[in-house]
Amino acid sequence: MFWFLLIALVVVVAAVTLAVAGGGERGVLPEAAPERMAWPLPGSRPVARADVEALRLPLALRGYRMAETDDALDRLGAELAERDARIAELEAALAGAQAAAIGVRGLLDKETRGPEGHEEGAS
């Protein structure tokens with residue numbers, strides 16, 4: 001049994017050595033190209049929900065490629081901040097328009113009642 005295991009070990013070591021050292025006619029494996037984003041975020045228009053859902057961040061040796069991941073997150077953060085500012089601006093404009101409408105309605109009500117609070121034209 002001992003001799004069988006020793007011969008099997010020698011055969012396995014020899015086969016691995018030949019495979020690694022010989023390499024055949026192919027030679028050394030080529031350097032793997034770094035993975036890149038297949039569909040980066042669009043630069044010509046605002047990012048849509050479908051763009052975020054389709055986003056697949058490229059992997060690197062130890063996780064995601066930091067530079068491209070940071071760029072994508074920075075872009076999303078900037079667009080979200082821009083949208084939040086626009087929403088706040090529109091809400092402020094709406095509140096101003098509502099306040100103006102309430103003020104005009106109040107003035108119209110005063111004018112129709114007259115100075116004593118009664119309807120004009122009523123006796």
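Tutor: Residues are numbered from 1 along each chain as its sequence is written, and side-chain values use heavy atoms, without hydrogens and water. In this predicted model, local features need pLDDT of at least 70 and side-chain atom pairs count only at pLDDT 80 or more, while totals for chains, interfaces and linings use all residues.

Student: Which residues make up the largest nonpolar core?

Tutor: A nonpolar core is a set of buried Ala, Val, Leu, Ile, Met, Phe, Trp, Tyr and Cys residues joined through side-chain atoms within 4.5 Å. Buried means under 20% relative accessible area, exposed over 50%, and partly exposed in between (1.4 Å probe, protein chains only). Here the largest such core has five residues: L41, V47, L55, A72 and L76.

Student: How many salt bridges does the structure hold?

Tutor: Look for a side-chain nitrogen of Lys or Arg within 4 Å of a carboxyl oxygen of Asp or Glu; that is a salt bridge. One of them joins E89 and R86, with the closest N and O atoms 2.8 Å apart. The total is three.

Student: Is E79 buried or partly exposed?

Tutor: E79 meets R75 in a salt bridge (2.8 Å, N to O), and R75 is partly exposed at 23%. The relative accessibility of E79 is 11%, so E79 counts as buried.

Student: Which residues do salt bridges with shared partners join into one network?

Tutor: E89 and R86 make a pair three residues apart in helix 3. The network itself, linked by salt bridges that share partners, is R75, E79 and R83.

How values were computed. Helices (H or I, at least four residues) and strands (E, at least two) are DSSP runs, numbered from the N terminus.
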